[in-house]
Amino acid sequence: MKKGYIIGQITITDLEKYKKYATSTQEIVQKFGGKYLVRGGLQDVKEGNPSGNRDVVVEFETLERAKQFYNSTEYKEIIDIRRENSEGYLILVEGH
């Protein structure tokens, strides 16, 4: 079975307000069986232009499970914290 991933690259615009999102998200990710593979850390850009300075990769059992996380009531309650205090993108992808 193929895994599902959430991949994001953002720049935090208000760290203090963003901290609540980061703390809350970790619990919700775990509830849906996800695990962080990348969460922040140093970047060493070799090609192209990044869309942010903070990278996140979260692995789920399946793409469907990643979608369940993203569409969950719990995540919807905090998603605006990320949107209002950071810029960038999130994508859900299926992997091998």
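**View 1. Isoleucine 7 of the predicted model has valine 57, in strand E3, as its bridge partner.** This is a predicted model, in which local features need pLDDT of at least 70 and side-chain atom pairs count only at pLDDT 80 or more, while totals for chains, interfaces and linings use all residues. Residues are numbered from 1 along each chain as its sequence is written, and side-chain values use heavy atoms, with hydrogens and water left out. Helices (H or I, at least four residues) and strands (E, at least two) are DSSP runs numbered from the N terminus. Strands E1 and E3 run antiparallel and are joined by seven bridges; two strands pair if DSSP finds at least two bridges between them. On E4 (residues 86-94), glycine 88 is the bridge partner of isoleucine 10, and the antiparallel pairing of E1 with E4 extends over nine bridges.

**View 2. Four strands form an open sheet in the order E2-E3-E1-E4, with antiparallel pairing.** The edge strands, E2 (35-39) and E4, each pair on one side only. From one strand to the next, the twist averages 15°. Angles run from 0 to 180 degrees between N-to-C directions, and axes are lines fitted to C-alpha atoms, for helices over the stretch in contact. E2 and E3 run antiparallel and are joined by four bridges; valine 56 in E3 is the bridge partner of arginine 39.

**View 3. The largest nonpolar core has 17 residues.** Such a core is a set of buried Ala, Val, Leu, Ile, Met, Phe, Trp, Tyr and Cys residues joined through side-chain atoms within 4.5 Å. Buried means under 20% relative accessible area, exposed over 50%, and partly exposed in between (1.4 Å probe, protein chains only). Among the residues with the most contacts inside this core are Ile6, Val58 and Ile78. Two or more core residues come from each of E1 (4-12), H1 (15-31), E3 (54-60), H2 (63-70) and H4 (79-85). H1 gives the most, with five residues. Beyond its neighbours within four places in sequence, isoleucine 6 is in contact (heavy atoms within 4.5 Å) with residues including Val56, Phe69 and Leu92.

**View 4. Tyr18, Tyr21, Phe32, Phe60, Phe69, Tyr70 and Tyr75 form one aromatic cluster.** Rings of Phe, Tyr and Trp (its six-membered ring) pair if their centres lie within 6.5 Å; planes under 30 degrees apart count as stacked, over 60 as edge-to-face and the rest as tilted. The count comes to six aromatic pairs. The ring centres of tyrosine 70 and tyrosine 75 are 5.5 Å apart and the planes stand at 50°, so this pair is tilted. Tyrosine 70 is partly exposed, at 23% relative accessible area, whereas tyrosine 75 is buried, at 1%.

**View 5. Arginine 39 lies over the face of tyrosine 36.** The distance from the ring centre is 4.3 Å. A charge sits over a ring if NZ of Lys or CZ of Arg is within 6 Å of the ring centre and within 35 degrees of the ring normal.

**View 6. Aspartate 44 is found in the loop between E2 and E3.** With a relative accessible area of 57%, aspartate 44 is exposed. Its C-alpha atom is separated by 29 Å from that of threonine 62, 18 residues apart along the chain.
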